[in-house]
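Please examine the sequence and the three-dimensional structure shown below. The report should be read with both in view.

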Amino acid sequence: MIDNISKDSIKSKIKEVLVDDLDANLNVGDLKDDLSLYEDGIGLDSISIVNLIVLVEQKFSINFEEEDLSYDLFSSINHLADVIYTKIN
Amino acid sequence: MALLESLWDGNVRHNGISDDQCFVNYGDVLKEFQNLDQYFKAHQLQITRCVFLEVNNTVDCVIIMLYFFSKKVNVFLASPNLLNSGAVPGFCDKILILKDRDDSSSLQIQLAENTNYTDKGDLENNSGMVILASSGSIAAPKYIYYKADNLFKNAAACIQHFNISKDSKLLVSVPVCHMYGLGVGLLPGIMAGANVSIINKSNVIKLIDKLRGFKPDISLINPTFCKMLLQLNKTLSQSHTYISAGEPLDGNLRTEFINRYGHLINLYGCSELGAMATSEVSLQHKITFSEKSLKPVNGVKFKIKTTGNSNEILCKNPYGFEFYLDEYGKRMTDQPFEDGWYRTKDAGRIDNSGNLEVVGRIDLCINRSGFLLSLEELEVKLENLLEHANKIVTIETSSKELLAICELKTDYTLDTSSAKNTCLRNLPRYAVPDHFHFTESIPRLYNGKPDRKQLTFLYT
């Protein structure tokens, strides 16, 4: 369980996962907080999104429920960080 | 179109089609047809040969497509983004561009001339034809030429086979520009008067979103989505029937999928003939019916042609395609028929009950993301692209990944990164090898051809 983690730390950690753990050829410089994670933004395809969900659940020790897995979840790093923050706290 | 219109009676007018943005009931679809009639008349728009329509999974696209079917206009159903790539075939005289709706909420279209139009094809005097792109081939393009009436009859067989009715809720997460989404999902759903939901630019999150919101009783998905749902390891609140086409999910994966998400029907079909056979549709039979045993769709016949060690499946569907066209609209000389039977190039057997089992391919083709990819075609392409390679052999590994084994020219080198980047720039994504291996020499048979058996043994 991760305690007392700020939203900024969550965003940094999400970016770490995107750059280091996903085979998506991304650089930190590409990752704007308000950019969609889908193909109209950062460019993650379905396989990368699934891998991201699994990795985020592992790294933050959380579990996304069925109702969390909406299209909006990956509409931006900001939004994803908000959802993770709520789950942790 | 009487086939469709007769079904949109008073009982189903409130059912309809929805996409990510909107819902249109069948009653309003007919009104849209009248609006389009007026628009074409007012702007004196005329299609003499064939219209190019880029088909996204949107309600507006579906309305336009149905409108052309109803008017017996020849239409080429193109994959999204084909227009941008400049690959408009010469047999289309017009290009239809669909714009966003304005404040008046009516469909906004523009009809442009195709500057590549070449009037030397076999489309002349034919009307009511639907043309689809052949999937997978990276060689010269070939186009699949259907009579629209046969497409409807093909869809009617699917309505019967999958028990689709006006009470059904059908979710189509696969592209409706291809025969699977169109002939097994969209058209049967509409013709049965069911509620149909289509997902544009589908991904697994959109799929889960729609499963939760639309609550379908039948969903068309692809095997990749099946595997992703399993990888996510989530429980969905509603269990229902899924149809999956392409590489069948079998063994433990299929059992796991059924236990977690609902009944999974493996569909055996192709763009040329539509749905040919499926695993058991009824849930009651799932224990006794072998997952690999496929029951023919009504009207479809199979036979096996034995040549040496190969047992090729031949298929006859009275409502299949007519023939292949080339990009200029000329009937191609090479057609996949033998005495009226379609050559599937799949190997298989038929049991005493007339059910089919598919055991593999008789040629070097593999299924990649729903596309049938010829390894021989790919190797020729790769050898042209990677000029430092003398010979390239591609094989599918046991984990279903594509490996390119490259025999390098003397004193030349090549690395994975540059090889992959070259491929990404020049080939569709599904044709790009996942891995590369570079070697000084590829083992060969006595006749000089690469020893594929030994390579498969060595590298998988």
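## The interface between the chains

The structure is a predicted model. At the interface, 15 residues of chain B are in contact with 17 residues of chain A. The area buried between chain B and chain A is about 1,500 Å², and carbon and sulfur atoms give 61% of this area. Three residues, Ile205(B), Arg212(B) and Lys234(B), supply 39% of the area that chain B buries against chain A, more than any other three residues.

Polar interactions also join the chains. Between chain B and chain A there are 7 residue pairs in polar contact, both residues having pLDDT 80 or more. Two helices of chain B, α6 (204–214) and α7 (223–232), each supply at least two residues of the side that touches chain A. The most is given by α6(B), with 6 residues. By type, the residues on this side of chain B divide into 7 nonpolar, 4 polar and 4 charged.

The count of salt bridges between chain B and chain A is 1. In a salt bridge, the side chain of Lys234(B) meets that of Glu57(A), at 2.3 Å from N to O.

## Salt bridges in the structure

Over all chains, a search of the whole structure finds 24 salt bridges. The table lists some of them.

| Salt bridge | N to O distance |
|---|---|
| Lys234(B) and Glu57(A) | 2.3 Å |
| Lys15(A) and Asp33(A) | 2.7 Å |
| Arg444(B) and Glu407(B) | 2.8 Å |
| Asp93(B) and Lys94(B) | 3.9 Å |

The salt bridge in chain A joins Lys15(A) to Asp33(A), with their closest N and O atoms 2.7 Å apart. This pair links distant parts of the chain, 18 residues apart: Lys15(A) lies in helix α1 (residues 7–21), and Asp33(A) lies in the loop between α1 and α2 (46–60) of chain A. Lys15(A) has a relative accessible area of 18% and is therefore buried, since the limit is under 20%. Asp33(A), with a relative accessible area of 26%, is partly exposed. Lys15(A) and Asp33(A) also belong, together with Lys11(A), to a network of salt bridges.

In chain B, a salt bridge is formed by the side chains of Arg444(B) and Glu407(B). Here too the pair links distant parts of the chain, 37 residues apart: Arg444(B) is in the loop between β26 (435–439) and α11 (452–459), whereas Glu407(B) is in strand β25 (residues 402–408) of chain B. Arg444(B) is partly exposed, at a relative accessible area of 36%, while Glu407(B) is buried, at 6% relative accessibility.

In soluble globular proteins, nonpolar side chains tend to be buried together. The largest nonpolar core in this model has 82 residues, of which Phe68(B), Phe69(B) and Leu77(B) touch the most other members. Helix α3 (residues 59–70) of chain B contributes the largest share of this core, 9 residues. Leaving aside residues up to four places away in sequence, Phe68(B) touches Phe40(B), Ile47(B), Val51(B), Val73(B), Val75(B) and Leu96(B). Another core, of 52 residues, lies apart from the largest one and includes Leu31(A), Ile42(A), Leu230(B) and Leu249(B).

## Helix α7 of chain B

How many of the 10 residues of α7(B) are buried? The number is 7, and the helix is mostly covered. Among the buried residues are Phe225(B), Met228(B), Leu229(B) and Leu230(B). Their cover includes α2 of chain A, and also α6, β11 (218–221), β12 (241–245), α8 (251–261) and β13 (264–270) of chain B.

At the start of α7(B), a side-chain oxygen of Asn222(B) comes within 3.1 Å of the backbone nitrogen of Thr224(B). Just after the helix, Asn233(B) has a positive phi of about 60 degrees.

## The residue Thr460(B)

Thr460(B) is located in the segment after α11 of chain B. With a relative accessible area of 44%, Thr460(B) is partly exposed. Residues up to four places away in sequence aside, Thr460(B) touches Ile395(B), Glu396(B), Thr397(B) and Ser398(B). Thr460(B) and Ile362(B) are 98 residues apart in sequence, and their C-alpha atoms are 20 Å apart in space.

Notes
Residues numbered from 1 in each chain as written. Chains lettered and ligands numbered in written order. Predicted model: local features only at pLDDT ≥ 70, side-chain atom pairs only at ≥ 80, totals over all residues. Heavy atoms only, no water. Contact = heavy atoms within 4.5 Å. Buried area = accessible area lost by both parts, 1.4 Å probe. Salt bridge = Lys/Arg side-chain N within 4 Å of Asp/Glu carboxyl O. Polar contact = N/O pair within 3.5 Å; in protein donor to acceptor, adjacent residues only side chain to side chain. Helix = DSSP H or I, 4+ residues; strand = E, 2+ residues; numbered from the N terminus. Nonpolar A, V, L, I, M, F, W, Y, C, P; charged D, E, K, R; others polar. Buried < 20%, exposed > 50% of the residue type's maximum accessible area, 1.4 Å probe, protein only. Core = buried A, V, L, I, M, F, W, Y, C linked by side-chain atoms within 4.5 Å.
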